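Subject: Handover of a structure

Dear colleague,

Please find below the structure that I am handing over to you. My notes on what was found in it follow directly after.

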Amino acid sequence: MGFCSSAFKILWRTKYFVLLVLSLSVLAWITAFSGETVKSVLVSSATTQTHVKGDGQGDKLHSRTGVPDDLNTPPRKVDCPKVSPLLQGAVKLSFDSCLTLKAVVTENENVTEGEYEPSDCAARQSVAILIPHRNRERHLLYLLHHLHPFLQRQQLHYAIYVIQQAGDATFNRAKLLNIGYLEALKDYNFECFIFHDVDLVPENDHNLYVCEDQPKHLVVGRNATGYKLRYKGYFGGVTALTREQFLQVNGFSNTYWGWGGEDDDLRIRVELQKMKIVRPPADIARYTMVFHKRDSGNEINKDRMKLLGRTPQVWRKDGLNSCSYRTLSIDRLPLYVNVTVDIGKP
Ligand code: UD2
Ligand code: MN
């Protein structure tokens with residue numbers, strides 16, 4: 001019995017000791033394990049952060065949310081969508097004889113000195129619209145009335161230049177357009193130029209006033225010709241060439257005085273450069289030409305066929321690089337920049 005009771009006591013104490021050791025090791029294991037978890041959470045969150053910074057997403061988000069990088073840099077705008085949500089398609093045009101310049105200025109208070117850019121997105125192209133002009137004030141008013149909202153619906157950065165021929169010598173549309181190109185580039189490095197008759201009003205805003213990788217002819221049809229292309233190589237009325245395309249052909253010829261031929265000359269220049277004229281679909285590239293008679297001072301050019309025959313020989317020397325003129329004034333009016341020039345005479 002004496003042996004038994006002392007053996008029992010030893011066993012009893014050992015049991016307590018084992019229990020103590022067991023609970024201590026469980027405690028140690030729990031501490032060690034939870035330490036690992038905290039460590040691994042820290043590592044993984046650190047990796048995620050590094051990843052976000054590394055792929056540039058952080059920077060994009062920064063500019064998209066409109067927070068400026070520093071106080072001097074305005075926030076970068078998101079590109080305007082490929083297809084503007086503001087387009088309306090075909091519209092019925094009206095030409096109100098009571099329309100006044102004051103009314104058109106009031107309608108377009110978001111235009112400054114003929115220039116506009118969308119406020120909520122970055123325009124996809126910067127476009128200069130060049131209009132040769134003399135004594136066609138009413139046509140100019142109708143065109144401005146329709147063209148400003150039309151271009152704004154296309155979400156473009158644009159500026160309108162009207163190039164006025166001073167004096168009453170024979171009119172020279174092509175030379176005025178060369179001058180428009182040279183003068184507009186002094187204001188801004190436009191990437192696209194639209195060469196635009198004053199009396200042609202576009203009927204459908206899906207006819208985009210942007211440049212393509214080839215020269216573009218925008219007037220497939222107009223009211224006076226039953227909305228049909230006049231002839232295969234026809235390149236008159238409204239055309240769009242990039243800054244580089246126009247430079248590559250050395251612009252228009254300066255030698256066409258009076259009516260006709262200068263548009264065909266430009267087509268020949270384009271073809272000599274192996275460029276190909278593109279056109280929008282006929283149901284979109286439609287214009288209304290405000291009715292007019294032939295102006296005095298713009299009589300038919302009887303030499304035009306002869307001139308067209310020598311274009312391949314002379315285009316390198318006759319064009320943008322030989323366009324001489326005298327600028328008489330540059331007036332920055334609310335709806336357009338008015339450039340008045342002395343271009344000499346034939
Ligand atoms: C056609 C072409 C035009 C041009 C011209 C021949 C079309 C739609 N248009 O126009 O691009 O090739 O033949 O030169 O095919 N202008 C003035 N004041 C004047 C004379 C002309 O502002 O006294 C300007 C104005 O921008 C006018 C443009 O020159 O729209 C063409 O002259 P037009 O309208 O008399 O000639 P048109 O309609 O036959
Ligand atoms: Mn005309």
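Which residues does leucine 130 touch, not counting residues up to four places away in sequence? In this predicted model, leucine 130 is in contact with Tyr161, Ile163, Leu177, Gly180, Tyr181, Ala184, Phe193, Ile194, Phe195 and His196.

Leu130 also belongs to the largest nonpolar core, which has 63 residues. Together with Tyr161 and Phe193, Leu130 touches the most other members of that core. The element that gives the most to this core is helix 4, spanning residues 137-153, with seven residues. As general background, nonpolar side chains tend to be buried together in soluble globular proteins.

For the chain as a whole, the secondary structure comprises nine helices and eleven strands. The chain has 346 residues, of which 33% are buried. Among contacts with a separation of 6 or more, 83% are between residues 24 or more positions apart.

- Strand 5 and strand 9 run antiparallel and are joined by three bridges. Here leucine 200 stands opposite methionine 289 of strand 9.
- Strand 7 and strand 9 (residues 286-289) run parallel and are joined by two bridges. Here arginine 222 stands opposite tyrosine 287 of strand 9.

Which residues come nearest to ligand 1? Of the 23 residues around it, these are Asp197, Val198, Gly236, Gly237 and Asp295. By class, the shell around ligand 1 holds nine charged residues, seven polar residues and seven nonpolar residues. Strand 2 (126-133) supplies at least two residues of this shell, and helix 7 (262-272) likewise supplies at least two.

With kind regards

Key: Residues numbered from 1 in each chain as written. Chains lettered and ligands numbered in written order. Predicted model: local features only at pLDDT ≥ 70, side-chain atom pairs only at ≥ 80, totals over all residues. Pairing = 2+ DSSP bridges. Helix = DSSP H or I, 4+ residues; strand = E, 2+ residues; numbered from the N terminus. Near = placed C-beta within 6 Å. Nonpolar A, V, L, I, M, F, W, Y, C, P; charged D, E, K, R; others polar. Buried ≥ 20, exposed ≤ 12 C-beta atoms within 10 Å, placed from the backbone. Contact = placed C-beta atoms within 7 Å. Core = buried A, V, L, I, M, F, W, Y, C linked by C-beta atoms within 7 Å.
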